[in-house]
Amino acid sequence: MARITAGVATSHIPALGVATDLGKTEEAYWKPAFAGYEWTKAWEAEQKPDVVILVYNDHASAFDMRVIPTFAIGCAEEFQPADEGWGPRKVPVVHGHPDLAWHIAQSLILDEFDMTIINEMDVDHGLTVPLSMMFGQPDQWPAKVIPIAVNVVTYPPPSGNRCWALGEAIARAVASFPEDLNVQVWGTGGMSHQLQGPRAGLINTEWDNRFLDRLEGNTDALRHIPHIEYLRETGSEGIEMVMWLVMRGALGRTTRALHRHYHVPASNTAVGHIVLEPITELGDTE
Amino acid sequence: MTPPRDIHQYLAEFDDIPGTRVFTAARARQGYHLNQFAMSLMKAENRERWKANERAYLDGWKLTEEQKQAVLDRDYNRLLDLGGNIYFMAKVFSTDGQSFLQAVSTMSGMSLEDYQAMMLAGGRSPTGLRSLKDKY
């Protein structure tokens, strides 16, 4: 049976991708941001996940204003790195897992999530930067990837509660897939940042760290944070943290943090990153 | 499920955040053509046509005169007020060869150097910038 063995959350800052691609990770400005990922890179190399379900948002690359899916799942064989205006990142093609992706899509729809199924799309920095941060610069990505795209640009985005529930449904879908697969769920985007308006540059370290605190353990308080709180406290783009809740929901009732890292600034933003493992407790039926 | 909420109250709260334009449905509707114009700059041949004659290129899109002028002025706060979304507007400033940091600093009314220094010092504090009416 397929099983979710871990969850990872990380910011997906485009500048981190640029620094990686241009070999700037050792520069004084970037080093502290990248140093926090060294533990995770080594851990991922040991874990060797077969599939990563990667929750991210498209940044006006594959989708424009013509079609705005709230939740979409990539079911293709492969996804090319998107040209975001300065040529595609020179990173490997992302290989999907169509059988598991279609299985998850069916299961989610029967679970009353109205998924948009995507069979052709390019993936932008939202998806490829996390792969670089966790896997480095290999010739090909060591895991298959199932993209789950969430609208966090056009209001309203889905509620945190809905994202958490989607994660729970993804866990049920994975658990019912017959093939033996080591699956991780990654939630990406955030943490505090505001890229627009006179309030641009807002960073709320205290709030971000409290959010990280509450990803651990058995509280589900995060699912009830309203959109307005993300906006007021973490800047207009901090809303991306709802995508972390898809990951958290997929890990079940209780988690343990294996690694945690927070750094300001990387470009305009806070870099946050956490690695969680699910804890099966006595009395859990799944 | 989250209990039903009053959509008007939900939207009204967005106007209470200082210096912030939330990309609501109303803005998405107002800025549809503006954002699609910006998206067109993802193609190299369009960027060349745009660079050759910005005004003529804009005239090929169903933008209001106000929107066209704000694009020509690179007035990003104005563009957000007119329905632009920052991820789409990024196509315009990327075509200009500007980074997010450079473009974002222009909206904050700070010089690039001051903005960078603020970020290096930990960013803009949320204190006093969470709510216009409650000032906290």
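Analyst: Happy to; we will take the aromatic rings and then a pair of helices. This is a predicted model, where local features need pLDDT of at least 70, side-chain atom pairs count only at pLDDT 80 or more, and totals for chains, interfaces and linings use all residues. Residues are numbered from 1 along each chain as its sequence is written, chains are lettered from A and ligands numbered from 1 in the order in which they are written, and side-chain values use heavy atoms, with hydrogens and water left out.

User: How many aromatic pairs does the structure hold over all chains?

Analyst: A pair of aromatic rings is described by the distance of the centres and the angle of the planes. Rings of Phe, Tyr and Trp (its six-membered ring) pair if their centres lie within 6.5 Å; planes under 30 degrees apart are stacked, over 60 edge-to-face, and the rest tilted. Over all chains there are 15 such pairs. One of them is edge-to-face: Tyr155(A) with Phe14(B), at 5.2 Å centre to centre and 75° between the planes.

User: Why does that pair join two chains?

Analyst: Tyr155(A) sits in the loop between β7 (144-150) and α6 (160-175) of chain A, and Phe14(B) in the loop between α1 (7-12) and α2 (25-30) of chain B, so the pair joins two chains. Here helices (H or I, at least four residues) and strands (E, at least two) are DSSP runs, numbered from the N terminus.

User: Are Tyr155(A) and Phe14(B) buried or exposed?

Analyst: Both Tyr155(A) and Phe14(B) are buried. Buried means under 20% relative accessible area, exposed over 50%, partly exposed in between (1.4 Å probe, protein chains only).

User: And which residues form one aromatic cluster?

Analyst: Trp207(A), Phe211(A), Tyr230(A) and Trp244(A) do.

User: At what angle do the axes of α9 and α10 of chain B cross?

Analyst: Two packed helices are described by the angle between their axes and the distance between the axes. Axes are lines fitted to C-alpha atoms, for helices over the stretch in contact (heavy atoms within 4.5 Å), and angles run from 0 to 180 degrees between N-to-C directions. The axes of α9 (residues 100-107) and α10 (residues 112-120) of chain B come within 9 Å and cross at roughly 105°.
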